[in-house]
Amino acid sequence: MSQSKSIEVKGRTLDEAIFSGLTELGLGIDQVSYEIIKENNKGIFGIGKSVIIRMSEKKTPASEAETFLDGLFEKMGVPAKAEATEGEDSLNVELTGDTTGVLIGRRGETLDALQYLTGLVVNKDKGSYKRVTLDTENYRKKREETLVKLANRIAGKVAKTGKRVVLEPMNPYERRILHATLQNNSKVETISEGEEPFRRVIIKKKSR
């Protein structure tokens, strides 16, 4: 499990210590918690007074995802960085770096595996569920466009020949794209067959 950042900061006043801590961590006040470790109220006209606080970054789904992935990339020796954006019930994580293609894998298998693991970390021991989406180099959008074109091309072929086409195994997300693309097609229909992770989409001509 990821560890949140924690620092000790000294200031002449509590406000000064908080400001210094936020500046050092590069965070906003709503992203941290703090406790007063030591306070010296002695002094004349404020001179000699001081306060020491311990400021910690609050653990959020976004910070947990970033810390988990950045630590994983470091162990893998991949110079990539994760940046998470949190929604009400979703978490979008963008991966950047010189070798992010390595993180995509064959047909996005590595990216899907990282997405699954991040979802486990983010949702562990939580009362609510956040849907996690990982992307890099706009891969998800490009893959969706490719699948839409594939579905329409094969649908035309099936409608013309009458022969059904069995596609390669795909994950649930990619199968949904194919089903959604052809759900209103008047000539063909789609079904899924098989067990995970070898479940496939079949495009066949509609029965009269």
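The model is a predicted one.

**First stop: the largest core.** Select Leu69, Phe73, Leu91, Val93, Leu95, Leu103 and Leu134; these residues have the most contacts inside the largest nonpolar core, which has 19 residues. Next, colour the elements that give two or more residues to this core: α2 (61-76), β4 (80-86), β5 (90-97), α3 (101-104), α4 (109-123) and β6 (131-135). Helix α2 supplies the largest share, four residues.

Now centre the view on Leu103. Which residues is Leu103 in contact with, leaving aside its neighbours within four places in sequence? They are Phe73, Met76, Val78, Ala80, Leu95, Thr110, Leu111 and Leu114.

Select residues 188-193, strand β8, together with residues 200-205, strand β9; the two strands pair in the antiparallel sense over six bridges. To follow one of these pairings, pick Glu189, whose bridge partner in β9 is Lys204. Between the strands of this hairpin lie six residues, and Gly194 takes a positive phi near 100 degrees.

**Last stop: the surface.** Show Ile29, Tyr34 and Ile36, which form a nonpolar surface patch with about 280 Å² of accessible area together. Tyr34 is located in strand β2 (residues 32-40). Tyr34 counts as partly exposed because its relative accessibility is 39%, a value between the 20% and 50% cut-offs.

How values were computed: Residues are numbered from 1 along each chain as its sequence is written. This is a predicted model: local features need pLDDT of at least 70, side-chain atom pairs count only at pLDDT 80 or more; totals for chains, interfaces and linings use all residues. Side-chain values use heavy atoms; hydrogens and water are left out. A nonpolar core is a set of buried Ala, Val, Leu, Ile, Met, Phe, Trp, Tyr and Cys residues joined through side-chain atoms within 4.5 Å. Buried means under 20% relative accessible area, exposed over 50%, partly exposed in between (1.4 Å probe, protein chains only). Contact means heavy atoms within 4.5 Å. Two strands pair if DSSP finds at least two bridges between them. Patches are made of residues with over 30% relative accessible area and no salt bridge: like charges are joined within 9 Å, nonpolar side chains (Val, Leu, Ile, Met, Phe, Trp, Tyr) within 5 Å. Accessible areas come from the Shrake-Rupley method with a 1.4 Å probe; for residues, only the protein chains shown count as cover. A salt bridge is a side-chain nitrogen of Lys or Arg within 4 Å of a carboxyl oxygen of Asp or Glu.
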